[in-house]
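Please look at the sequence and the structure shown here before reading the report under them.

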Amino acid sequence: MCGGYVKLVGANNLSDQKNFQGGASETVYNVMFGPDICGYTKKVHFILNKGGKNHLIKDDISCESDEFTHIYTAVLNSDNTFRVLVDGTEKKSGPIPEHWDILPPKKINDPAESKPADWVDERMIDDPEDKKPEGWDDTPAEIVDPEAKKPDDWDDDLDGEWDAPKVANPEYKGPWSPKKIDNPAYKGPWVHPQIDNPEYKDDPELYAFESWKYIGLDVWQVKSGSIFGHFLITDDFDTAQTQIDAVNAAREGEKKKKEEADAAAKAAADAAAEADDDDDDDDDDDEVKAPEAPKDEENKPDL
């Protein structure tokens with residue numbers, strides 16, 4: 001699978017259910033939620049549509065990628081908080097404004113402030129007392145290979161003058177640079193002063209949407225076999241918990257059946273291998289020995 005998402009759509013965003021779209025001409029939705037398993041990506045997508053834009057949760061929430069049944073739960077609370085659960089275990093929760101970039105930031109850099117021209121934020125500097133040793137640059141990076149010899153079949157008239165190949169000079173120390181020392185004028189990193197953002201406005205109802213009417217399933221897959229079902233939309237978490245418990249119980253049953261199937265398959269494979277060994281032994285026992293050839297003395301013809 002690559003991605004399987006539930007999309008919850010408002011009453012005014014889908015006039016024709018047969019024209020439900022994803023991708024470039026995507027049908028506008030309120031919430032998109034579900035696992036994304038594509039390549040190395042294994043996470044839960046949770047998107048809220050606000051102000052005509054889709055906002056993806058900033059957190060990486062891991063999802064399951066085995067062959068068993070799992071249940072994913074998204075909760076939007078009226079106190080403007082959220083929860084994400086996988087198989088009933090909470091993976092992420094908190095205030096919606098802190099986990100989505102929906103609202104403008106509360107604080108911004110003060111546009112009237114800038115780093116002073118004389119601010120020193122370079123921690124280390126070249127040691128002004130460190131001098132390059134005399135003759136440092138006289139040592140070349142490469143030298144003629146002392147073991148190279150002119151080939152016996154080299155013809156200067158035909159091949160030109162022979163030049164011995166070069167090799168790295170073991171005595172070469174590289175470009176010289178002065179050692180570093182602590183900068184006595186260092187002031188540390190400059191921190192831009194911040195002010196209240198005049199464009200910030202709190203929204204205590206990020207959890208809410210104008211209407212809810214449709215549920216759609218958006219599936220992107222490169223490998224078949226994924227099955228989706230048991231969609232539940234409710235304002236009663238106890239009802240959701242009942243379904244979570246049911247799916248968890250079903251998954252334990254799936255694991256037990258797989259263990260039994262794996263054990264049966266292993267037993268059958270071991271029995272087949274043992275039968276092959278027995279057949280090989282029987283073949284060895286059934287071999288007929290050829291009679292010994294008569295001795296020459298006993299079969300000499302009479303003269």
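The report below covers aromatic pairs, charges over rings and a surface patch.

## Basis of the model

This is a predicted model, in which local features need pLDDT of at least 70 and side-chain atom pairs count only at pLDDT 80 or more, while totals for chains, interfaces and linings use all residues. Residues are numbered from 1 along each chain as its sequence is written, and side-chain values use heavy atoms, with hydrogens and water left out.

## Aromatic pairs

Rings of Phe, Tyr and Trp (its six-membered ring) pair if their centres lie within 6.5 Å, and planes under 30 degrees apart count as stacked, over 60 as edge-to-face and the rest as tilted; by this rule there are 5 aromatic pairs. One of them joins Phe46 and Phe82 edge-to-face, with 6.3 Å from centre to centre and 70 degrees between the planes. Because Phe46 lies in strand E3 (residues 41–50) and Phe82 in strand E6 (residues 81–86), this pair ties together parts that are 36 residues apart in sequence.

Phe46 also forms an edge-to-face pair with Trp100, at 5.1 Å centre to centre and 85 degrees between the planes. Trp100 is buried, with a relative accessible area of 1%, where buried means under 20% relative accessible area, exposed over 50% and partly exposed in between (1.4 Å probe, protein chains only). Ring pairs link Phe33, Phe46, Phe82 and Trp100 into a cluster.

## Charges over rings

A charge sits over a ring if NZ of Lys or CZ of Arg is within 6 Å of the ring centre and within 35 degrees of the ring normal. Lys50 lies over the face of Phe209, 4.0 Å from the ring centre, and the charged end of Lys255 sits over the ring of Phe68, 5.9 Å from its centre.

## Strand E14

Leu217 belongs to strand E14 (residues 214–220), strands (E, at least two residues) and helices (H or I, at least four) being DSSP runs numbered from the N terminus. Leu217 is partly exposed, with a relative accessible area of 35%.
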